[in-house]
Amino acid sequence: MNRSSIIVHRSALILLCAALASVLSPAQAQQYPARPIRLIVPLAAGGAMDTIARGVGAKLTDSLGQTIVVDNRGGGGGTIGAELVAAAAPDGYTLIMMSATSVIRPLLYSARYEMVRDFAPVSQVSAQPYLLLVHPSIPAKTVQELVAYAKANPGKLNYASAGQGSIIHLATELLRVQTGTRMTHVPYKGMGAAYPDLIAGNTQIALASIVSGQPHVRAGRLRGIAVTGPKRSKSSPEFPTIAEAGVKGYSVTNWYGLLAPARTPRPIIERLHKDVVLVLQQPDLMKRFAADGADPVDSTPKEFAAHIKAESEKWARVIKEAGIKGE
């Protein structure tokens, strides 16, 4: 058999498989799920993503009638777990919890996955704004006052982040770019490591979770002046949004969402989405989210796909404009 014949036969086989998949999808959906489902968390156990995944997984176990087995596959800033799922069979039995960082990572570092190409969105699950914190030594009680101070003192303000290429890093750079200010980035290995220097005044600005930042604000060690989300936080409504405070169009949230491998049959995606919507409405899960300063989000697969695309475009633009490099 010559090379041309092989190519023709291979193309025919691919078309046949695609046709069979479209025929079998309704039957698969009726029987789905028939065995336990593996939910990959591409980070180590014990973090915020792991907590959200286990809470949602426990509820989906009850709703779907099959066990959701959470499998932590940390490493490579989340790329190892993401690459594993991107290559998994698109049958609904391997899912992944991803975040805003999952979108940023392949924009800065080498990765064998693309968010839009390799995954089928099921639903966004949560959204969590950050709290803009300043050291009390800085004479700024509003976003506008902070911007004015930064412009009057170019390059003198240091801002802390959870690491090079983290969403906190890029979110602060977005604020810097949109306000035309100059500040110096000081990366740490997580915000927990950043707080001692921030409280001591060695760094003067940081974005941090509301849950971790509020105790320092109440104790007077730091000053909270705004939140990064598109609306005020339900847990801390006293803080205006950064957009509301004068930086028009600024909006950043740390979000988590459920995805499957690309080409997972649509009926299976729809079944999963329906159950996610139901579990996110359960009071105990809503209470758990609120304790973390997060809101449940039950977007449709189409809405979540659009959100991921918009996030990818936004962070690619910030990386280019701010000249950010992966390290």
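Me: Which residues does Gln124 touch, not counting residues up to four places away in sequence?

Reply: Gln124 touches Trp255, Tyr256, Gly257, Leu280, Val297, Asp298, Ser299, Phe304 and His307, where contact means heavy atoms within 4.5 Å. The model is predicted, so local features need pLDDT of at least 70 and side-chain atom pairs pLDDT 80 or more, while totals for chains, interfaces and linings use all residues. Residues are numbered from 1 along each chain as its sequence is written, and side-chain values use heavy atoms, with hydrogens and water left out.

Me: Why is Gln124 called buried?

Reply: Gln124 has 7% relative accessibility, so it counts as buried (under 20% relative accessible area; exposed is over 50%, partly exposed in between, with a 1.4 Å probe and protein chains only). Gln124 sits in strand S4, residues 119-134; strands (E, at least two residues) and helices (H or I, at least four) are DSSP runs numbered from the N terminus.

Me: What does the side chain of Gln124 reach?

Reply: The side chain of Gln124 reaches the backbone oxygen of Ser126 at 3.2 Å.

Me: What makes His273 buried?

Reply: The relative accessibility of His273 is 14%, so His273 is buried. His273 belongs to helix H10. Neighbours within four places aside, His273 contacts Val122, Ser123, Asp298, Ser299, Thr300 and Pro301.

Me: Why is Arg263 called exposed?

Reply: Arg263 has a relative accessible area of 69%, so it is exposed. Arg263 lies in the loop between strand S9 (253-261) and H10. Its phi is positive, about 75 degrees, although Arg263 is not a glycine.

Me: Why is Arg288 called partly exposed?

Reply: Arg288 stands at 38% relative accessibility, so it counts as partly exposed. Arg288 is part of helix H11, residues 283-291. Leaving aside neighbours within four places, Arg288 is in contact with Thr51, Arg54 and Gly55. Arg288 and Thr51 are 237 residues apart in sequence, with 9.4 Å between their C-alpha atoms.

Me: At what angle do helix H2 and helix H10 pack?

Reply: H2 (residues 48-64) and H10 (residues 266-280) pack at about 115 degrees, and their axes are 9 Å apart. Axes are lines fitted to C-alpha atoms, for helices over the stretch in contact, and angles run from 0 to 180 degrees between N-to-C directions.

Me: Which residues make the contact of H2 with H10?

Reply: H2 supplies Val56, Lys59, Leu60, Ser63 and Leu64, and H10 supplies Arg271, Leu272, Asp275, Val276 and Val279. These residues divide into six nonpolar, one polar and three charged.

Me: Which members of the largest nonpolar core touch the most other members?

Reply: They are Phe119, Leu132, Val143, Leu146, Tyr250 and Trp315, in a core of 64 residues. A nonpolar core is a set of buried Ala, Val, Leu, Ile, Met, Phe, Trp, Tyr and Cys residues joined through side-chain atoms within 4.5 Å. A second, separate core has 30 residues, including Met49, Val122, Leu258 and Leu272.

Me: Which residues of helix H4 are buried?

Reply: In H4 (residues 100-108), the buried residues are Ala100, Ser102, Val103, Ile104 and Leu108. They pack against strand S3 (94-99), helix H5 (115-118), helix H7 (167-179), S9 and helix H12 (301-322).

Me: Where does Pro33 lie?

Reply: Pro33 is in the loop between helix H1 (3-31) and strand S1 (37-41). The peptide bond from Tyr32 to Pro33 is cis, with omega near -5 degrees.

Definitions and conventions
Nonpolar A, V, L, I, M, F, W, Y, C, P; charged D, E, K, R; others polar. Polar contact = N/O pair within 3.5 Å; in protein donor to acceptor, adjacent residues only side chain to side chain.
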